[in-house]
Structure formats: structure tokens, C-alpha cells
Amino acid sequence: NGFIIDLIQSVFFKLFGVSWYSYLFHSSLINLLFSLITFKFLRQEGLGKTSTFFYSFSVAILAYPSVGVPFPDHHSIFFSIIGIYFLIFAIKKNETFFWYILPIILSIAFLSKQIPSALIILLVFFYLISFSFYKKNYYLFIPVIISSTVILILFFLFLILNKINFNDFLLQY
């Protein structure tokens with residue numbers, strides 16, 4: 001499993017103290033984020049307000065409550081699905097913001113747990129290449145490359161500041 005859940009949870013422990021409620025608040029906040037982005041996505045896809053609310057509410061009550069505490073599989077799949085939502089937002093809205101945020105969201109998914117996020121990242125990567133060639137728009141790579149570079153720099157900076165050997169990180173993964 002990845003370390004991102006522990007990193008996020010440490011913020012909750014720092015803010016709210018070490019308790020079961022901190023765990024629940026963490027998972028509830030991720031659940032809320034996932035439900036709201038699902039709501040936004042479904043509305044953009046043209047679903048009616050009632051259907052959108054019903055499906056988003058269903059996501060909210062079915063997604064995290066089965067476990068209740070932050071769990072790597074859930075974080076990974078939630079952030080991977082949010083990444084797919086953002087890919088669709090980027091394509092349909094043609095806004096560079098979503099191209100910048102897409103690698104960040106997928107990195108959080110990968111650092112939560114490698115599978116299924118690695119498979120979804122590969123799918124998104126090949127789709128991005130195909131889409132770019134189909135549309136003959138190679139400028140889409142610029143925000144993705146910039147965002148990915150920033151993420152890699154921050155990641156290696158995190159490893160250096162915490163005195164974590166990269167080989168140790170690879171072995172753990």
C-alpha cells in the first residue's frame with residue numbers, strides 16, 4: 001500500500017487529535033468529495049436533478065460506509081474514478097485546469113494503492129495519446145507534462161526531506 005493515506009491521516013490527527021473520530025472524519029471527507037464530484041459529473045453528462053441526486057446519494061451511502069475508516073483500496077479507486085471524471089471534464093470543457101489537475105489526482109490514487117490506479121493511469125495515458133493524435137492537438141501534453149514534473153519534484157523532495165532512500169521506496173512498493 002502507499003503512504004498517502006498515512007500522510008493525509010497525519011494531518012487529521014494533528015488537527016483533531018488521535019482518535020477514532022479522526023479516522024471517521026477522514027473517510028467521511030473523502031466520501032463527501034467523491035460524492036460531490038460524482039454529482040457534478042452526472043449533471044454535466046445531462047442527467048436530471050432527481051436522478052443525479054439519487055445516484056450521488058447512492059454513491060455516498062455505499063462508497064465508504066462499508067469500511068468506515070480510510071482504506072487504501074477505496075482511496076485508490078475513488079481518486080482513480082475522479083481522475084477519469086477530470087479527463088472527461090478536460091475533453092468536454094476544453095479547460096487546461098483539468099489537464100493540470102489530472103496527473104495530481106492520479107498520483108494521489110497511485111500513492112494510495114498501486115492497483116487499480118496503475119491500470120487506470122495506463123488507460124488514461126493511452127487515451128490521451130490517442131485523443132491527441134486524433135484531434136491533432138499536441139498542446140494537451142504541455143499541462144500534463146508540467147503538472148507531472150511538479151509532482152515528481154515534490155515527491156523526490158519529500159523523499160529527501162524525510163531521508164527516505166528511493167530504493168527503499170521501490171522495495172516497499
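Which residue forms a salt bridge with Asp73? In this predicted model, the partner of Asp73 is Lys113, with the closest N and O atoms 2.5 Å apart. Lys113 is partly exposed, at a relative accessible area of 21%. Asp73 also counts as partly exposed, at 28% relative accessibility.

The count of salt bridges comes to 2. Lys92 and Glu45 also meet through their side chains in a salt bridge. Lys92 lies in helix 4 (residues 72-93) and Glu45 in the loop between helix 2 (20-44) and helix 3 (49-62), so this pair links parts that are 47 residues apart in sequence. Glu45 is partly exposed, with a relative accessible area of 36%.

| Salt bridge | N to O distance |
|---|---|
| Lys92 and Glu45 | 2.9 Å |
| Lys113 and Asp73 | 2.5 Å |

The largest pocket has a volume of about 710 Å³. It is lined by 25 residues, and those closest to its centre are Pro103, Leu106, Ser107, Ile151 and Leu152. Helix 1, helix 5 (96-112), helix 6 (114-135) and helix 7 (141-161) each give two or more residues to this lining. Helix 7 supplies the largest share, 9 residues. By type, the lining divides into 23 nonpolar residues, 2 polar and no charged.

Gln9 is part of helix 1 (residues 4-16). Its relative accessibility is 4%, so Gln9 counts as buried. Beyond residues up to four places away in sequence, Gln9 touches Ser22, Tyr23, His26 and Pro70.

Notes: Residues numbered from 1 in each chain as written. Predicted model: local features only at pLDDT ≥ 70, side-chain atom pairs only at ≥ 80, totals over all residues. Heavy atoms only, no water. Helix = DSSP H or I, 4+ residues; strand = E, 2+ residues; numbered from the N terminus. Buried < 20%, exposed > 50% of the residue type's maximum accessible area, 1.4 Å probe, protein only. Contact = heavy atoms within 4.5 Å. 1 Å grid on protein atoms, 1.4 Å probe; cavity = no way out; pocket = protein on both sides within 12 Å on 5 of 7 lines; lining within 4 Å. Points joined across faces, edges and corners; volume = space filled by probe spheres on them. Nonpolar A, V, L, I, M, F, W, Y, C, P; charged D, E, K, R; others polar. Salt bridge = Lys/Arg side-chain N within 4 Å of Asp/Glu carboxyl O.
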